[in-house]
Every structure is written in C-alpha cells, then in structure tokens.
Amino acid sequence: MAHWCDIATGLEPGEHTVIELNEFSVLLVNIDGYYYAVENICPHDGGELDGGTFSSTTGSMTHNTTYKKTNSKANDTANSATVTCPRHGACFSLKTGKVLKPPAFEDIDCFAVRIQDGQLQVYDEPTEQDDPDLS
C-alpha cells in the first residue's frame, strides 16, 4: 500500500538529491522553495537526470553551479521548472513529468511532495503533484 515517506532532510533552494523509494530512483529538487520529485531516469537512453540542468523562469542551475534567482515570479517557477538530461538534452517538466523537448518521447513519473508538521514527505508511488486524492 502506498504511503507518505519522511525524508531525512530538507533541501535549500537550488539543491537536489536522489532518494530510493520502493523500486524507484527519485530525483528530489528544490527550486525557489518549491519541491519536486520525479523519476531519476531519462526514458530516452537511461541517463540519470540528477546530473542534468534544472531551470525555471527565475534562473537555472546545473549539478555543479550555484543557483541564482533573476526573477521572483513564484507562479512562473511552479509551472515552468524543468530538468534537462545531461546525455542527449531531453527536457522534462518537473511539475508534470511531461516531455518538453526530444529526443525523449515518453514522460517521466512524478511523485507528490508535501511538508506535514514541518517534515518533508514524498509519496512512494508515482502520481500527479496536485492529486486531490492524496491525504
């Protein structure tokens, strides 16, 4: 049965980590205070997305650079956060998992994220970020 899993530590804006949930390798990202959790494997060629580039309308970051804000439009951040695969450049929405740029043609799974009583939690089954059935 699927359930919410406590994550040992939160991430500062611009940070990311990989966590294991059941059989899933999950990429957890904090962009401007918004948390995203997506499948860490690119469906195009099996590359790990955690080595890629993360971006939003407020700026971009790679796995080895400092994240810098250039704009503070929070709604734009929530709706436009992306990850680009380091191997061949496929780009995915961190909010929906949808492919935004080939060569990938399959979406990646998303995992719901919440903060409950000050504890960062990730749902251990793929789902939509805003699934109303999660409680």
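## Exercises on a predicted protein chain

A search of the whole structure finds 2 salt bridges (a side-chain nitrogen of Lys or Arg within 4 Å of a carboxyl oxygen of Asp or Glu). The model is predicted: local features need pLDDT of at least 70 and side-chain atom pairs count only at pLDDT 80 or more, while totals for chains, interfaces and linings use all residues. Residues are numbered from 1 along each chain as its sequence is written, and side-chain values use heavy atoms, with hydrogens and water left out.

**Exercise 1.** Identify the partner of Arg 87 in a salt bridge and state which parts of the chain the pair ties together.

Step 1. The partner of Arg 87 is Asp 45, with the closest N and O atoms 3.1 Å apart.

Step 2. Arg 87 lies in the loop between strand S7 (82-84) and strand S8 (91-93), and Asp 45 in the loop between S4 and strand S5 (53-56), so the pair ties together parts that are 42 residues apart in sequence. Strands here are DSSP runs of E of at least two residues, and helices are runs of H or I of at least four, numbered from the N terminus.

Step 3. Arg 87 is partly exposed at a relative accessible area of 47%, and Asp 45 is partly exposed at 38%. Buried means under 20% relative accessible area, exposed over 50%, and partly exposed in between (1.4 Å probe, protein chains only).

**Exercise 2.** Describe the salt bridge of Lys 98.

Step 1. Lys 98 pairs with Asp 107, the closest N and O atoms being 3.5 Å apart.

Step 2. Lys 98 is partly exposed, with 44% relative accessibility; Asp 107 is also partly exposed, at 38%.

**Exercise 3.** Give the strand order of the open sheet and locate its edges.

Step 1. The sheet has 4 strands in the order S2-S3-S4-S10, with antiparallel pairing. Two strands pair if DSSP finds at least two bridges between them.

Step 2. S2 and strand S10 (110-111) stand at the edges with a single partner strand each, so one side of each is left without a neighbour in the sheet.

Step 3. Between strand S2 (residues 16-21) and strand S3 (residues 24-31) there are 6 bridges. His 16 has Val 29 in S3 as its bridge partner, and Glu 20 stands opposite Ser 25 in S3.

Step 4. The hairpin of S2 and S3 has 2 residues between the strands, and Asn 22 takes a positive phi near 55° there.

**Exercise 4.** State how confident the predictor is along the protein chain.

Step 1. The average pLDDT (the predictor's confidence in each residue, from 0 to 100) is 83, and 77% of the residues score at least 70.

Step 2. Over residues 61-77 pLDDT stays under 50, and the model has 45 contacts beyond four places in sequence for these residues. Contact means heavy atoms within 4.5 Å.
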